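Could you walk me through this structure, with the cut-offs behind each term spelled out? A guided tour in plain paragraphs would be welcome.

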Amino acid sequence: MTDKVQSKLYFQGQQIIALEGKTSKEYELLMRRDIDGVARFPYQEFITTMTDHDQHKQYVTELAVILPKVLSHNPNYTFSFNLDYQELFYEETFTLFEQIDPALRSRLKLELTERLPLNRTNAYDEFLPKVQLERLAALGYQLVLDDFLAGVNSLAGLFEVPHLISRIKISVLHLKRFLPIDTIIDIINLIVTAIDDMALEVVIEGVEDSDLIKDLPTSWRQQSFYYSSPVNVEPITF
């Protein structure tokens, strides 16, 4: 651990806004610890947790308490939770999600982050670990490709397992550093058009200016500080 002060693991939630209909209440769970008195994502700890199997087991022990509590305390909300591909090669990950009450699972989406796992046992020529994803889907969880078209969350990977994925999230944070708004809109529309027949939910992440937002379809969901700052989640109250 490189962080000076460690506290209890907890989550903050950032709302994922459904512009069309506006009836759903969904939050992405953002991992936080109070580090030196400030709520932060424990970046170095997270890296160690994903790559050190023993530490991952400790992390899952904490999640086994927190996740069911979040779901049971907030029965009217749906949550998205980030899952690293490396975790799909740790058996305790599946034990965790098997232990969650089946009645709660439909309200927890698992967002597969784009990082390449350091250690894997699936077939060399697989883009995504199909057997592991099928195990999660069979438990009743919806699967999401986070940061679509970044890292291992490629278009080819989606085509391998289209029946297992219900949503893609496209982040414009990186694009905004290099491209004008009109070009970003064209790129996003091109991506979604290419997979339109899959009928996937689309979440656009990191859009912070009204000029870009107004040109995006209202059927796409939005997640950004423009709509929602992170709030504490135990429990969510509004």
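Phe 41 sits in the loop that links β3 (38-40) to α1 (43-51), where helices (H or I, at least four residues) and strands (E, at least two) are DSSP runs numbered from the N terminus. This is a predicted model, in which local features need pLDDT of at least 70 and side-chain atom pairs count only at pLDDT 80 or more, while totals for chains, interfaces and linings use all residues. Residues are numbered from 1 along each chain as its sequence is written, and side-chain values use heavy atoms, with hydrogens and water left out.

With a relative accessible area of 37%, Phe 41 is partly exposed; on this scale buried means under 20%, exposed over 50%, and partly exposed in between (1.4 Å probe, protein chains only). Together with Tyr 43 and Ile 47, Phe 41 makes a nonpolar surface patch of about 280 Å². Such patches take residues with over 30% relative accessible area and no salt bridge, and join nonpolar side chains (Val, Leu, Ile, Met, Phe, Trp, Tyr) within 5 Å and like charges within 9 Å. The areas come from the Shrake-Rupley method with a 1.4 Å probe, and for residues only the protein chains shown count as cover. A salt bridge here is a side-chain nitrogen of Lys or Arg within 4 Å of a carboxyl oxygen of Asp or Glu.

Now for the interior. In soluble globular proteins, nonpolar side chains tend to be buried together. The largest nonpolar core in this model has 58 residues, and Phe 81 and Phe 97 have the most contacts inside it. Helix α2 (residues 53-73) gives the most to this core, with seven residues. A core of this kind is a set of buried Ala, Val, Leu, Ile, Met, Phe, Trp, Tyr and Cys residues joined through side-chain atoms within 4.5 Å. Beyond four places in sequence, the contacts (heavy atoms within 4.5 Å) of Phe 97 include Leu 67, Phe 81, Leu 136 and Tyr 141.

Gln 132, in helix α4 (residues 130-138), is buried at a relative accessible area of 11%. Leaving out residues up to four places away in sequence, Gln 132 touches Leu 88, Phe 89, Phe 94 and Thr 121. Gln 12, in strand β1 (residues 10-18), is buried as well, at 14%.

Finally, Pro 102 lies in the loop between α3 (91-99) and β5 (108-112). Pro 102 counts as exposed because its relative accessible area is 58%.
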